[in-house]
Number of protein chains: 2
Amino acid sequence: MSASTSQNQRIAVIGLGSMGFGMATSLKRAGHVVTGCDVSADAVARFVTEGGAGAKTPAEAAKGADIVVSVVVNAAQTETILFGKDGVAETMAKDSVFLSSATMDPDVARRLAKQLEATGRHYLDAPISGGAQRAAQGELTILASGSPAAFEKARPALDAMAAKLYELGDAAGQGAAFKMINQLLAGVHIAAASEAIAFAAKQGLDIRKVYEVITASAGNSWMFENRMPHVLDGDYTPRSAVEIFVKDLGIIQDMARNARFPVPVSAAALQMFLMTAASGMGRDDDASVARMYARVTGVKLPGDK
Amino acid sequence: MSASTSQNQRIAVIGLGSMGFGMATSLKRAGHVVTGCDVSADAVARFVTEGGAGAKTPAEAAKGADIVVSVVVNAAQTETILFGKDGVAETMAKDSVFLSSATMDPDVARRLAKQLEATGRHYLDAPISGGAQRAAQGELTILASGSPAAFEKARPALDAMAAKLYELGDAAGQGAAFKMINQLLAGVHIAAASEAIAFAAKQGLDIRKVYEVITASAGNSWMFENRMPHVLDGDYTPRSAVEIFVKDLGIIQDMARNARFPVPVSAAALQMFLMTAASGMGRDDDASVARMYARVTGVKLPGDK
C-alpha cells in the first residue's frame with residue numbers, strides 16, 4: 001500500500017450537514033484523524049460527541065491537513081471556505097488536496113481549481129450523490145475529475161466515502177459538468193412526476209394505483225419512484241429541498257444560455273420549482289412541486305387541508 | 001375452468017403491425033382460432049403463412065368472433081374499425097367483447113364503449129405497453145378497465161397476451177387515463193434525455209460515459225436507459241416514431257386544457273417532438289429529438305453527417 005492510501009491521514013471536513021456529518025463519520029471509521037467544522041456549533045459538538053475533533057473556523061480545521069473535504073451547498077460557499085476570511089487555502093499543508101463536493105457551474109470549478117493550484121495545493125472536483133444514509137455508510141457515488149496528483153492525494157478519503165467512484169477527467173470541471181447533466185434530468189423528472197401525479201388526481205385516478213402502474217412501466221424514473229411516496233404519504237419533511245433545484249436548474253439555465261444552447265424542457269421545470277418556492281414551500285421537500293400543482297388546480301392530495 | 005377461460009375461442013385481430021402481429025401469434029399459440037386483418041395485404045399474407053386465417057375487412061374478420069382485438073394507432077382508426085364501412089360492430093357475435101388497445105383520450109374511450117354496449121356487445125378499454133418483442137412473447141403489460149362481463153369475455157385473450165394485467169376499474173376510460181399518465185411521463189423523459197445528452201455533447205463530455213454515469217444515478221429514467229443507446233449508436237431506425245408522441249402529448253394537452261389543468265412541462269416536451277417532426281424526422285425513432293437538438297446547436301452526435 002502506497003503512502004497515499006495509508007490510514008491516519010489528517011482530514012478536515014468543512015460542513016457537517018446531513019451529508020457532511022455522514023462523510024466525516026465514514027472517514028473516522030476508516031481510521032483517519034478527522035476535524036469537523038460548521039457554522040452550527042451544535043453540529044460540531046455532535047461530531048465531537050461521536051469522537052471527532054472540532055474546530056471553530058475552516059482555517060483552524062484545515063491547519064496541517066492532508067485532505068480538506070468541503071461539503072457545502074454551492075459555489076459561493078465553496079469560494080468563501082477556500083479564499084474568504086478564515087479560509088483554508090492559507091492553512092492547508094503544501095501539496096495537500098481540497099476535495100470540493102458542491103454542485104456548481106463547471107467554469108467556476110475550473111476557476112477555483114486554478115486559483116488554489118497557484119498556491120501549491122491540489123483541487124479535486126468531486127460532486128457527490130446518494131443522500132444522507134449512503135453518506136453515513138461511506139457508500140456515496142462520487143463524480144470526480146482532477147490532476148493525477150489530486151486523485152492520488154485524495155484517494156484515502158475517496159476510498160472511505162464512496163461505493164462508486166467515477167474518474168471523469170484530468171482537470172476540474174468535468175466532474176461538475178457530469179453532475180449538472182444529472183441535475184438537469186433529476187429536476188425535470190421531479191417536475192414531470194409532480195405534474196403527472198397531480199393531473200392523475202385531477203382525473204379522479206387512485207394515485208397509489210398510479211404509483212404501482214408507473215413504477216412498473218416505461219414512464220418510470222428514479223425520481224418518480226423515490227419522491228412520489230412523499231406525495232402518497234402527504235409528508236413534505238425535506239429530504240432534499242425545493243431550493244436545491246431552484247439553484248441547480250438555475251445553473252443549467254446560465255450554462256446553457258452562455259453556450260447558446262436552448263434547454264426549453266428544463267426551463268419549464270425550473271419555473272415549476274420557482275412557483276413552488278414562491279408559494280412558500282422553498283424549504284420543504286422537493287416533492288412539494290406536486291402540492292403546488294394540486295393547490296393551484298384545486299386538487300386534493302393526501303395530507304393537504 | 002369456466003367457459004370464458006376455455007381455449008379455442010374465435011378471435012379477430014384487427015391491425016397486424018409490429019404489435020398486432022405479435023399479439024395475433026401469441027393468441028394462436030395459446031390455442032385460439034385467430035383471424036387477422038390489416039390494410040396491408042402483405043401483413044395478412046404473412047400471418048396466413050404462419051398458420052393464421054386472413055380476412056379482407058374488419059367486418060369479415062369479426063364475423064361470429066367471441067373476441068375482437070383492435071391494435072391500431074389512435075381513436076379515429078378505432079372508431080372506423082367499430083362503426084365505419086365494413087366495421088366490426090355489426091358482425092361480431094352478440095355478447096362478444098371488443099378489446100381496444102389504442103392510446104386515446106379517456107372521454108373518447110367512454111363514448112365508443114357506450115355506443116358499442118348499446119348494440120349488446122362488450123367493450124374492454126385495454127391500452128398496452130411493452131413493445132413488439134413482448135407482444136410476440138405474449139408478455140405485454142395491459143392497463144384495462146371495463147365491466148365485469150367485458151373482463152370475463154376477454155379473459156382468454158388477456159391471458160394469452162399479457163404478462164401483467166392491471167384491472168383498473170369497472171368502466172371504460174380508466175385504462176385510457178392510466179395510459180395517458182404513463183405517456184405524459186414517457187414523452188417528457190425522452191425529451192429531457194435528448195436535451196441532456198445533446199447538452200452534454202455540447203460541453204464536450206463523452207456521451208458514452210454520460211450514459212454510464214446517468215444510468216447509475218438519480219437522473220435515470222426508463223426512457224433514458226432504453227432510448228439513449230439509439231443516440232450512442234447513431235441508429236434512428238424507428239422502434240417507436242416521433243409522431244407517436246406528437247399524438248400522445250397532444251392528447252395530454254387537449255385533456256389538460258379541457259380540465260383547466262396547466263401542464264407546462266409536458267407542453268414544452270411536445271414542442272420538442274413537434275420541432276423534430278417539423279425537421280423531417282417524424283417517422284424516425286423518437287430518440288431523434290436528440291438529433292434535432294444537436295443539429296440546431298451544431299453539435300456532432302454519432303452517425304450524423
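Tutor: Buried means under 20% relative accessible area, exposed over 50%, and partly exposed in between, with a 1.4 Å probe and protein chains only. Helices (H or I, at least four residues) are DSSP runs numbered from the N terminus. This is a predicted model, where local features need pLDDT of at least 70, side-chain atom pairs count only at pLDDT 80 or more, and totals for chains, interfaces and linings use all residues. Residues are numbered from 1 along each chain as its sequence is written, chains are lettered from A in the order in which they are written, and side-chain values use heavy atoms, with hydrogens and water left out.

Student: What makes H8(A) mostly covered?

Tutor: Of the 29 residues in H8(A), 27 are buried.

Student: How do you know that the span of helix H8 (residues 174-202) of chain A agrees with its number of residues?

Tutor: The expected span is 1.5 Å times one less than the number of residues. For the 29 residues of H8 of chain A that gives 42 Å, and the end C-alpha atoms are 42 Å apart, so the two agree. Just after H8(A) comes Gly204(A), with a positive phi of about 85°.

Student: Why are H8(A) and H9(B) called oblique to each other?

Tutor: Axes are lines fitted to C-alpha atoms, for helices over the stretch in contact, and angles run from 0 to 180 degrees between N-to-C directions. Angles under 35 degrees count as roughly parallel, over 145 as roughly antiparallel, 65 to 115 as roughly perpendicular, and the rest as oblique. H8(A) and helix H9 (residues 207-215) of chain B pack at about 55°, with axes 10 Å apart. H8(A) and H9(B) are therefore oblique.

Student: Which residues make the contact between H8(A) and H9(B)?

Tutor: Contact means heavy atoms within 4.5 Å. H8(A) contributes Phe178(A), Ile181(A), Asn182(A) and Leu185(A), and H9(B) contributes Lys209(B), Val210(B), Val213(B) and Ile214(B).

Student: Why is Arg227(B) called buried?

Tutor: Arg227(B) has 8% relative accessibility, so it counts as buried. Its place is in helix H10 (residues 222-233) of chain B.

Student: Which side chains make polar contacts with the side chain of Arg227(B)?

Tutor: A polar contact is a pair of N or O atoms within 3.5 Å; within protein, one must be able to donate a hydrogen and the other to accept it, and residues adjacent in sequence count only if both atoms are side-chain atoms. The side chain of Arg227(B) joins that of Asn226(B) at 2.8 Å and that of Asp286(B) at 2.7 Å. Not counting residues up to four places away in sequence, Arg227(B) touches residues including Ile190(B), Trp222(B) and Ser240(B).

Student: What makes helix H13 (residues 288-297) of chain A mostly covered?

Tutor: Eight of the 10 residues of H13 of chain A are buried, among them Arg291(A), Met292(A) and Tyr293(A). The buried residues of H13(A) pack against H8, helix H10 (222-233), helix H11 (242-258) and helix H12 (264-281) of chain A, together with helix H12 (264-281) of chain B. Gly298(A) follows H13(A), and its phi is positive, near 70°.

Student: Is Thr78(A) buried or exposed, and what value decides?

Tutor: Thr78(A) has a relative accessible area of 0%, so it is buried. Thr78(A) is found in helix H4 (residues 75-83) of chain A. Leaving aside neighbours within four places in sequence, its contacts include Ser70(A), Val72(A) and Phe98(A).

Definitions and conventions:
Helix = DSSP H or I, 4+ residues; strand = E, 2+ residues; numbered from the N terminus.
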